[in-house]
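The following note sets out points for a colleague who wishes to review the model. Please read them alongside the coordinates.

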There are 2 protein chains.
Amino acid sequence: MPVNLAPLDTSMLLPVPGLRIGTTMAGVRKANRRDLVVFALDEGAQVAGVFTQNRFCAAPVQVCQAHLSAGPAIRALVVNTGNANAGTGAPGLAAAQQTCNALAAIAGCSPAQVLPFSTGVIMEPLPVDRITAGLPAAWADLHAAHWADAAQGIMTTDTLPKAASRQVQIDGHTVTITGISKGAGMIRPNMATMLGFVATDAVLAPGLLQTLVREAADRSFNRITIDGDTSTNDSFVLMATGRAGHAAITTFDSPAGQALAEAVFGVAQTLAQAIVRDGEGATKFITVQIDGGRTEDECKLVAYAIAHSPLVKTAFFASDPNLGRILAAVGYAGIPDLDQALIDLHLDDVLVAQAGGRHPGYQEADGQRVMKQAEITVRVHLHRGEASATVWTCDLSHDYVSINADYRS
Amino acid sequence: MPVNLAPLDTSMLLPVPGLRIGTTMAGVRKANRRDLVVFALDEGAQVAGVFTQNRFCAAPVQVCQAHLSAGPAIRALVVNTGNANAGTGAPGLAAAQQTCNALAAIAGCSPAQVLPFSTGVIMEPLPVDRITAGLPAAWADLHAAHWADAAQGIMTTDTLPKAASRQVQIDGHTVTITGISKGAGMIRPNMATMLGFVATDAVLAPGLLQTLVREAADRSFNRITIDGDTSTNDSFVLMATGRAGHAAITTFDSPAGQALAEAVFGVAQTLAQAIVRDGEGATKFITVQIDGGRTEDECKLVAYAIAHSPLVKTAFFASDPNLGRILAAVGYAGIPDLDQALIDLHLDDVLVAQAGGRHPGYQEADGQRVMKQAEITVRVHLHRGEASATVWTCDLSHDYVSINADYRS
């Protein structure tokens, strides 16, 4: 059961002029489900992406990186679910390339203008024939309004499709930002989530898009964790079609640049949080906020130690205010000169520990009340500096074990 | 169900001359269970210990470190289960000190000659009155043969007591090494397990014991992980009573020194592995061996990434050869210049992946056969150097979630 994640209201998903989307059922792994998605970009669009830092990155990630740095403008994206094409060695690279070749032939562009994406089971050969056989139907389905189909077509263990739209006014022009994401397990992005695609018709001067996609990833997909497993396929792509009609944005310090960046961050954050809300077996949505660190990096260390601790996560699942487990995680996070005698711990508004020990006024009933909520904020103050960091995670439940013990069956 | 861990054969536990052990039921947390243990050392004994590197280390750990560095020979140890006295701030320190004072009065030594240990729930006040009230009965129970009672008296969520004995001949004298340990969750020692106590009557020149305890911890307790949570209370203590009658060992390069060290390592390794075999909810015992690294440290990084991955651990629980998850963990372990195209993966004798991709000869049935075993070795070859490292872990099961969701109830 996702945590406060509503079924997709497809009427809320706004088309982005200059971008069309098509899907089909290619039978990559299972019959009768949308599992192949193509994006077609009109001429003049820019594309930038960030990718997993897993050294075992999947074949399509390697091809994406090569094509993005090669130069010619990207005109099409192809995404399959059901198979990650990771841990597949040289044949996997050839399969990803073959997918690009097939789509390029249909789209009338060069293979280097196609970006391939795959998600699903690792270390099984990509059924490339089924994918290439499905491409004509997906291409024939192209339409600007097909975002919801695409959100469905990239799901794996997700229980709900994930998408978000926003509009912002720039110089009297309406600029649209729409995006989709997927992912529910093997989630501790170190760049981007499993897959995230965001498009806008904003007009940007060359070079700005890469900055924007990095910054957006760092404020959204790079701040979530479900199980601490950084996937082989994480990819987050930002597309700008340049159709909105306003003067090109040349810096993010301008009001227009700021308005666009904030709208993109908002969409990316909604998509990233949706992944946590739909985390495998999740019953709680947990915000972990660390204050008073010397650097943002050390705050992140502590936040992730808490967010990854199986003991902390099972306590949330049980609604058990066994909060010493949070202190223990703070202690082993890896700050060598941390002084435990300075640490404060809040659970929402409840002061649980102060100066490294249980606060005398803390009542178990108060902790219990907060632990029963579906959304909980853990706040730790280190009292050694001015930096802060926030990450989002979920609890660890019986269903997480069931889902991952049975994933391939 | 522990994995290949037999119920304690108490007749196998050999007394160590110069050391006596007493236990009692002090009602620290629950009635009618042994929960208080004392060790009494005859004059002339040496004691050395290694302790958790968790910065939120428990009050008794802080007192142990102070007393061990203070100078006067340690004459007594006191251990309670049921309450960890961690995250308890200044009152916790006072409670640990008070326990030492009470035992010193009974033992006829100074408080600085007593080492206190606690294990159990974190962040609840230590019921020091119940402990001090129980000390006279525990002291009256002192006997050299009481190792099995002590193994029982330090358990928390352990399903079986853990102990081991060995004898070794040095210069025609029989030297005994006996030890106990406890721990089943919050286990990723970074020094020692939750609690481990090993005693020997070997004769050692001053200064050697600290070297031996560090080395023993590094080859045993520092190589196991259950859930990646480094506890606040990890303590591993080595006691040498000096009663065996042989000439004092002055170096571990001598045959006598080597014989002793290997016997101590053997006992420590048995005790450490027993903790994994009895890991919370464990159904499999997994050895993770990394070869071909540039340094031992980078091999450990990879080994722990595999051993901590919830996805890998649930696949072992399900006996599902979803082995791409192991490759993914290798990839995100944190070696920045790792070349995936060099990686080989074996599951026991089965070659699963070679040169970064699925081995053409790999049959799922072979992987399935190994995954069904109760003991499995994962071997990864990095092909970038000569270093190796091995760690031991267990799978992640429904019972792990149940045990930790219900621990305090």
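Over which residues of chain A does pLDDT stay under 50?

1. Confidence. This is a predicted model, in which local features need pLDDT of at least 70 and side-chain atom pairs count only at pLDDT 80 or more, while totals for chains, interfaces and linings use all residues. Residues are numbered from 1 along each chain as its sequence is written, and chains are lettered from A and ligands numbered from 1 in the order in which they are written. The stretch with pLDDT under 50 is residues 189–193 of chain A, for which the model has 32 contacts beyond four places in sequence. Here pLDDT is the predictor's confidence in each residue, from 0 to 100, and a contact joins two residues whose C-beta atoms, placed from the backbone, lie within 7 Å. For chain A the mean pLDDT is 89, with 95% of residues at 70 or more. Among the elements of chain A, the mean is lowest for helix α11 (residues 398–405), at 82, and highest for helix α3 (residues 128–140), at 98. The model scores are ipTM 0.72 and pTM 0.79. Helices (H or I, at least four residues) and strands (E, at least two) are DSSP runs, numbered from the N terminus.

2. Domains. Chain A comprises domain 1 (10–277) and domain 2 (285–405), with bounds from an automatic or database domain assignment. Their C-alpha centres are 33 Å apart. In chain A, 10 residues of domain 1 are in contact with 11 residues of domain 2. The domain 1 side of this contact divides into 3 nonpolar, 5 polar and 2 charged residues. Ala, Val, Leu, Ile, Met, Phe, Trp, Tyr, Cys and Pro count as nonpolar, Asp, Glu, Lys and Arg as charged, and the others, Gly among them, as polar.

3. Sheet in chain A. An open sheet of 5 strands has the order β3-β9-β8-β7-β6 (chain A), with mixed pairing; two strands pair if DSSP finds at least two bridges between them. Its edge strands are β3 (46–51) and β6 (162–170) of chain A. β6(A) pairs with β7(A) (residues 173–182) in the antiparallel sense over 9 bridges, and Ala163(A) stands opposite Ile180(A) of β7(A). Helix α5 (residues 208–218) of chain A packs on the sheet, touching β3 and β9 of chain A, and its direction makes about 35 degrees with that of β3(A). Axes are lines fitted to C-alpha atoms, for helices over the stretch in contact, and angles run from 0 to 180 degrees between N-to-C directions.

4. Sheet in chain B. Here 6 strands form an open, mixed sheet in the order β13-β12-β11-β14-β10-β15 (chain B). The strands at its edges are β13 and β15 (387–394) of chain B. Helix α6 (residues 255–277) of chain B packs on this sheet, touching β10 (285–293) and β15 of chain B.

5. Between the chains, 56 residues of chain B are in contact with 56 residues of chain A. On the chain B side, α9(B) gives the largest share, 8 residues. That side divides into 27 nonpolar, 21 polar and 8 charged residues. A rotation of 180 degrees with 0.0 Å of shift along its axis superposes chain B on chain A (RMSD 0.0 Å), by least squares on the C-alpha atoms of residues with pLDDT of at least 70 in both. That is the relation of a two-fold axis. In chain B, His398(B) has the C-alpha nearest the axis, 2.9 Å from it. The copies meet through the same surface, because 100% of the interface residues of chain B are also interface residues in chain A.
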